[in-house]
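Open your viewer and keep the selection tool at hand.

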Amino acid sequence: MTAVAMPILPTLYTFRRCPYAIRARLALAASQTPVLHHEVSLRDKPAAMLAISPKGTVPVLHLVDGTVLEQSLEIMVWALKHNDPQGWLEGSGWDDEARQLVATNDGEFKRNLDRYKYPERFPERDQAGHRQQGEVFLQTLDNHLAGQAWLAGARAGLVDMAILPFVRQFAHVDKDWFAEAPYPHVRSWLERFLESELFAGVMEKRSPA
Ligand SMILES: N[C@@H](CCC(=O)N[C@@H](CS)C(=O)NCC(=O)O)C(=O)O
């Protein structure tokens with residue numbers, strides 16, 4: 001009889017700098033869900049990943065029972081439903097308003113972020129013009145954060161962790177501009193996140209599997 005090796009942990013196909021993968025790793029870490037990390041090259045995606053998720057984006061979480069979660073938000077909610085010691089799903093952490101904010105992040109803001117990051121691919125506007133479009137969302141976030149430390153309130157919630165990796169990318173396109181930009185609450189919210197152990201933990205370098 002041939003023994004078939006059964007996976008003992010879920011496998012996370014991930015890419016270190018991808019904001020969608022970062023948000024998934026944040027929730028997996030906060031929920032203390034052990035997974036095998038498979039760092040992929042987006043130029044050479046592993047056949048095992050494409051076999052279970054032909055759309056070819058990361059993150060993908062392959063559960064031990066064969067279930068495949070192939071959307072970052074799905075992975076976050078799945079992990080936190082099992083264990084949510086910091087209460088990320090509670091109250092304003094993942095209510096209707098939070099979902100709406102994340103939808104705007106993943107839609108309009110992500111589109112503007114891509115244009116701001118790669119202006120040569122979107123010549124209909126110059127880079128500052130693309131940035132201005134993205135600033136609409138920064139202003140919305142700044143208004144939310146004016147009276148509270150996190151979008152979810154006094155404590156962080158899923159809504160914060162789903163959006164922060166994208167704002168980090170936006171801030172990094174031109175750090176000097178961001179340092180002076182009129183979004184002080186967004187700036188301190190992002191700094192608090194970047195200095196957290198949680199963020200440092202999920203950004204640890206892993207060699208490609
Ligand atoms: N809706 C997906 C989007 C994931 C996504 O677009 N990931 C990017 C990397 S940041 C990707 O894998 N792109 C495929 C590629 O670059 O080939 C999710 O939320 O997980």
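This is a predicted model: local features need pLDDT of at least 70, side-chain atom pairs count only at pLDDT 80 or more; totals for chains, interfaces and linings use all residues.

Residues are numbered from 1 along each chain as its sequence is written, and side-chain values use heavy atoms, leaving out hydrogens and water.

**Stop 1: the ligand.** Select the ligand and then its shell: Cys18, Pro19, Tyr20, Leu42, Lys45, Gly56, Thr57, Val58, Pro59, Gln71 and Ser72 (a residue is near if one of its heavy atoms lies within 4 Å). By class, this shell has six nonpolar, four polar and one charged residue (Ala, Val, Leu, Ile, Met, Phe, Trp, Tyr, Cys and Pro count as nonpolar, Asp, Glu, Lys and Arg as charged, and the others, Gly among them, as polar).

Now show the polar contacts (pairs of N or O atoms within 3.5 Å; within protein, one must be able to donate a hydrogen and the other to accept it, and residues adjacent in sequence count only if both atoms are side-chain atoms). Lysine 45 places a polar side-chain atom 2.6 Å from a ligand oxygen. The side chain of serine 72 has an N or O atom 2.6 Å from an oxygen of the ligand, while valine 58 uses a polar backbone atom, 2.9 Å from a ligand oxygen. On its own the ligand has 520 Å² of accessible area, and the protein covers 70% of this (Shrake-Rupley method, 1.4 Å probe; for residues, only the protein chains shown count as cover).

**Stop 2: the cis bond.** Stay with valine 58 and select proline 59 too: a cis peptide bond joins them, with omega about 5°. Proline 59 is in the loop between α2 (47-52) and β3 (60-62) (helices, H or I, have at least four residues and strands, E, at least two; both are DSSP runs numbered from the N terminus).

**Stop 3: the largest pocket.** The ligand takes up the space of the largest pocket (a molecule sits in a pocket if more than half of its atoms lie within 2 Å of its grid points). A pocket is an open set of points on a 1 Å grid over the protein atoms alone, with protein on both sides within 12 Å along at least five of seven lines; a cavity is a set where a 1.4 Å probe fits but cannot get out, and lining residues have an atom within 4 Å of a point.The pocket holds about 690 Å³ (the space filled by probe spheres set on points joined across faces, edges and corners). Select α4 (96-117), which supplies the largest share of the lining, four residues.

**Stop 4: glutamine 32.** In the loop between α1 and β2 (36-39), glutamine 32 has a positive phi of about 55°.
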